[in-house]
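Hi there,

Here is the structure I promised to pass on to you. Have a look at it first, and then read on for my notes.

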Amino acid sequence: MNSKYQLKITGKNPKRFLKDLIKLKISLYHMENHDKYSIIIVDGNGLNEIRKLKTSYQIRLVREYGYIKYKHLLKKYIWFLLSLVLSIIIIEGLSNVVFSVEVEHSKKEIRELILNDLETYGIKKYHFRVSYQKKEQIKKKILAKETDRIEWLEIERVGTKYIVSVEERIKNEGPKNRNAQNIIAKKDAMILRINATSGEVVKKRYDYVKKGDILISGFITRDEKIVSKTRADGKVFGEVWYKVNIDLPKKYQVINKTGKRKKKIELKIFDKSLFLFELNQYKTYQVQRKTIIKNPIIPLGIYNTTIHETKEISKNYNHNNASQEAMKIASRKLLEKLGDEDRIISKKVLKKTEKNSRIIVEVFFKVEEDIRDTENIENIKIEDIEGEKSEPSN
């Protein structure tokens, strides 16, 4: 691209000076005549010829175009650009240095054990962070090396530090507490299945029990007499009943992605975002960022950002269609509270009421649930129990 120069000619009669330039066959790419000055655009050769002229007119360079403009800009801002590049290199370098390694565990010996292993395999303070693949390999090596001591290990990089979560392997040395006990009901229920591994079963399938009732007794009887105590154990599942109330708005908005998207390079300083290219944002959108450079010390980051267009979809619930949605939400909430072996047997909507702009749905559940609790009987004497049984009733 040829360089061009915009000049401002000031003097008594600048139009006459322009005529002289034309006579000298100097190429003029643009001319503007005003009362006290004229504006012209010339190329490099024209600028050199004009500078050689002896004249009383004032000639001032106003603007440059083309290659020369960028050359002068580069020359003007070279130290700023070099400083910026150097800063980015320093930031990138610092963000890849590990300044802290923390092991989360209550025992000092476990923390020291893991820290030593991490150093052995390359994760330590004031060294460069390792890649994700390398980190996973180190985790596997430590777990293999410390298989007798460590049950589970996770290494997470947070900024310029590693946080290591660890779970110690507990050796199975048998139950520590072998005290005699009863298995009792922790809530009202109807028994569905009962399987004792020790103790005497005192309830049967389809019996209704209340909270605190004995299900498997730790008192062992022979010929209707208590002869010993043991630690009752086993599994007891009962049918338990729940009512869950779900409050639904009559109008409900869901935001979905349309599939349209734009990719931009984003410079984020503090909480302000700058895009290197013009960003015509969608009316509604969601932002997804992939980090190129980020430093937790200096609030500066460069991201490969994807802008997803979104569309708001309104859902309207009424007395007829609210049941299905309410059952989904209620089931999800209930399952979060239940144990791994518990399950929902059946469910149904009991009633629906409308209040202002909302619909309240009451859902009834039958659940097969572990209803076991324990009652310590270690300090109860057998003779006391027998004595109570032998007392005549009034």
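A word on terms before the notes: helices (H or I, at least four residues) and strands (E, at least two) are DSSP runs, and their numbers count from the N terminus. Please also keep in mind that this is a predicted model.

Let me begin with lysine 12. You will find this residue in the loop that links strand 1 (4-10) to helix 1 (14-23). Is lysine 12 buried or exposed? Its relative accessibility is 85%, so lysine 12 counts as exposed. Lys12 also belongs to a positive surface patch, together with Lys15, Arg16, Lys19 and Lys23.

Five strands make up an open sheet in the order 11-9-15-21-20, and their pairing is antiparallel. Strand 11 (208-209) and strand 20 (343-355) are at the edges; each has a single partner strand, so one side of each has no neighbour in the sheet. For strand 11, two bridges join it to strand 9 (residues 189-198) in the antiparallel sense. Across that pairing, alanine 189 has valine 209 of strand 11 as its bridge partner.

Finally, there is a hairpin to look at. Strand 13 (residues 219-222) pairs with strand 14 (residues 225-229) through four bridges, again in the antiparallel sense. Two residues lie between strand 13 and strand 14 in the hairpin, and aspartate 223 in the turn has a positive phi of about 55°.

Enjoy exploring it!

Best wishes

Note on methods
Residues are numbered from 1 along each chain as its sequence is written. This is a predicted model: local features need pLDDT of at least 70, side-chain atom pairs count only at pLDDT 80 or more; totals for chains, interfaces and linings use all residues. Side-chain values use heavy atoms; hydrogens and water are left out. Patches are made of residues with over 30% relative accessible area and no salt bridge: like charges are joined within 9 Å, nonpolar side chains (Val, Leu, Ile, Met, Phe, Trp, Tyr) within 5 Å. Accessible areas come from the Shrake-Rupley method with a 1.4 Å probe; for residues, only the protein chains shown count as cover. A salt bridge is a side-chain nitrogen of Lys or Arg within 4 Å of a carboxyl oxygen of Asp or Glu. Lys and Arg count as positive and Asp and Glu as negative; His and the chain ends are not counted. The place of a charge is taken as NZ of Lys, CZ of Arg, CG of Asp or CD of Glu. Buried means under 20% relative accessible area, exposed over 50%, partly exposed in between (1.4 Å probe, protein chains only). Two strands pair if DSSP finds at least two bridges between them.
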